[in-house]
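I opened this notebook to record what I looked up, entry by entry, with charged side chains to begin with. The other entries follow in the order in which I turned to them.

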Amino acid sequence: MLSLSSELLPDNVVFNILTRLPVKSLIRFRCVSQSWNSTITNPIFITKHLDLASSLSDINNDGYLLFTPLRNYLDPSSSKEWTTFVYNTNRTLTQISRFEIPSPNLIIGFWNGVFCLAAKNDDSDEKDLRRSLYLWNPSIRKLKKLLATRPADRAVFGFGYHPQNNDYKILRVTFAIQQVTRKPAEAEIYTLSTDSWRKAVISVESFSGSDSGPNGSVDQVYFPTRLCFNGALHFIAFSGGHKFILSFDISDERFREILLPQNYLEGIVKHFERLAMFKGSLALIVFGEDLVEMSDICHIWVMKEYGVVESWARKSVPMKQVAEFFSCTINGELLVERLTPYQSFLFDPDSLNEEILNIPMPECMIYTPNFVESLVLLDRRTALPNAKISKLGFPAR
């Protein structure tokens, strides 16, 4: 047992009390004594605190929206803020946190209070920016820079969490788009527990497409479709002329093929498509124009049995002028935006009701059924410089 010497309470009692305290308090209590600091920064304590926070997460709501407004790139002094809202059961939003994002960065994913960020290509050192990734926990003001092993024309990222091993992994897939004869895409995996990258071979053992590339290789991965679901990262990918869902199992680190619905674009002019989790199942959501009705439509393809192509089932609903899809709520509502006029809203495909969200135009928006602050990365050495703290306890502008 870690030493928490106290004249009044046994060590195990103090330990259990500390695991129930909010992150903001624990950061302050590191100054109480050397033993308390040692305990709070210990991986065993960090994991226990996270497990308890997750189990006690508020279930009296319909999830959380994590949102950042569109940044004014013409104003060099403008900052990019990330705001978290509780999505209440009465369909209202309540802000619970706000903080400034280290910029310029693209948000790749979010797990257990930790964001994965990728540097954007708008700096003079473009080669470095194509390779730079960060792990960031705003609750404890920790930013850890990771440098991938090689530059590339294009890179696609996925961020996942392995609960059995309590570990975080980043998948980086690189490929060239300007070569006459394309080389197969390459992959590398970062694991937080070892703080290291290693190369991985993208090989899908049994491609179903007759026009797929050689030896199960992949040519290109479509970044906007990334999804972490069922313990795996998912992307829409291409191998030769074969289009499919590429999955990467976070546990065994194997790549697998999931077939798309047969002829799923028949009768529709596709505007865009996204992968999502819809009511607990893998889903492919296609927005486009119906060729018969000549009107905007949304096809929601749901894979009732994961990995079984015959289980794809379609639900079609009218949706006008959708410009972007962000996510699905736990109740199956679609979080989308339209531009004319601009609106972010939740759409219920069963009732066809729309719930307008009173928020500015988003650059990024994430829905999560559970949200916890955590101490993840506290045992790492890299920290952000002193930053201004908002009233809610987060770095702010």
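I began with glutamate 81, which is buried, with a relative accessible area of 17%. I note here that the model is a predicted one, and I read every value below with that in mind.

**Entry: glutamate 81 and its partner.** I found glutamate 81 in a salt bridge with arginine 98, where the closest N and O atoms are 3.2 Å apart. Because glutamate 81 belongs to strand 2 (residues 81-87) and arginine 98 to strand 3 (residues 93-100), the pair ties together parts that are 17 residues apart in sequence.

**Entry: other salt bridges.** I then asked how many salt bridges the count comes to. The count comes to 15 salt bridges, and I followed up some of them individually.

Glutamate 253 forms a salt bridge with arginine 198, with the closest N and O atoms 2.2 Å apart. Since glutamate 253 lies in the loop between strand 14 (242-249) and strand 15 (255-258), while arginine 198 lies in strand 11 (residues 196-200), this pair ties together parts that are 55 residues apart in sequence. I recorded arginine 198 as partly exposed, with a relative accessible area of 35%.

I looked next at arginine 256, which forms a salt bridge with aspartate 249, the closest N and O atoms being 3.8 Å apart. Arginine 256 counts as partly exposed at 30% relative accessibility. I also wrote down a network of salt bridges that links Asp62, Arg91 and Glu333.

Entry: Which side chain of opposite charge is nearest to aspartate 167, and how far away is it? I found that lysine 169 is the nearest, at 6.0 Å, and that aspartate 167 is buried yet has no salt bridge; the cut-off for a salt bridge is 4 Å. Aspartate 167 lies in strand 9 (residues 167-175), and I noted that its side chain makes a polar contact with the side chain of serine 193 at 2.5 Å. Leaving aside residues up to four places away in sequence, aspartate 167 touches Gly160, Tyr161 and His162, together with Thr191, Leu192 and Ser193.

**Entry: a pair of helices.** I turned to helix 1 (residues 11-19) and helix 4 (residues 43-55), which pack at an angle of about 55°, with their axes 9 Å apart. That angle makes helix 1 oblique to helix 4. For the residues that meet, I listed Phe15, Leu18 and Thr19 from helix 1, and Phe45, Lys48, His49 and Leu52 from helix 4.

**Entry: asparagine 358.** Is asparagine 358 buried or exposed? I found that asparagine 358 counts as exposed, because its relative accessibility is 80% and the exposed class covers values over 50%. Asparagine 358 sits in the loop between strand 23 (354-357) and strand 24 (362-368).

Definitions and conventions: Residues are numbered from 1 along each chain as its sequence is written. This is a predicted model: local features need pLDDT of at least 70, side-chain atom pairs count only at pLDDT 80 or more; totals for chains, interfaces and linings use all residues. Side-chain values use heavy atoms; hydrogens and water are left out. Helices (H or I, at least four residues) and strands (E, at least two) are DSSP runs, numbered from the N terminus. Buried means under 20% relative accessible area, exposed over 50%, partly exposed in between (1.4 Å probe, protein chains only). Lys and Arg count as positive and Asp and Glu as negative; His and the chain ends are not counted. A polar contact is a pair of N or O atoms within 3.5 Å; within protein, one must be able to donate a hydrogen and the other to accept it, and residues adjacent in sequence count only if both atoms are side-chain atoms. Contact means heavy atoms within 4.5 Å. Axes are lines fitted to C-alpha atoms, for helices over the stretch in contact, and angles run from 0 to 180 degrees between N-to-C directions. Angles under 35 degrees count as roughly parallel, over 145 as roughly antiparallel, 65 to 115 as roughly perpendicular and the rest as oblique.
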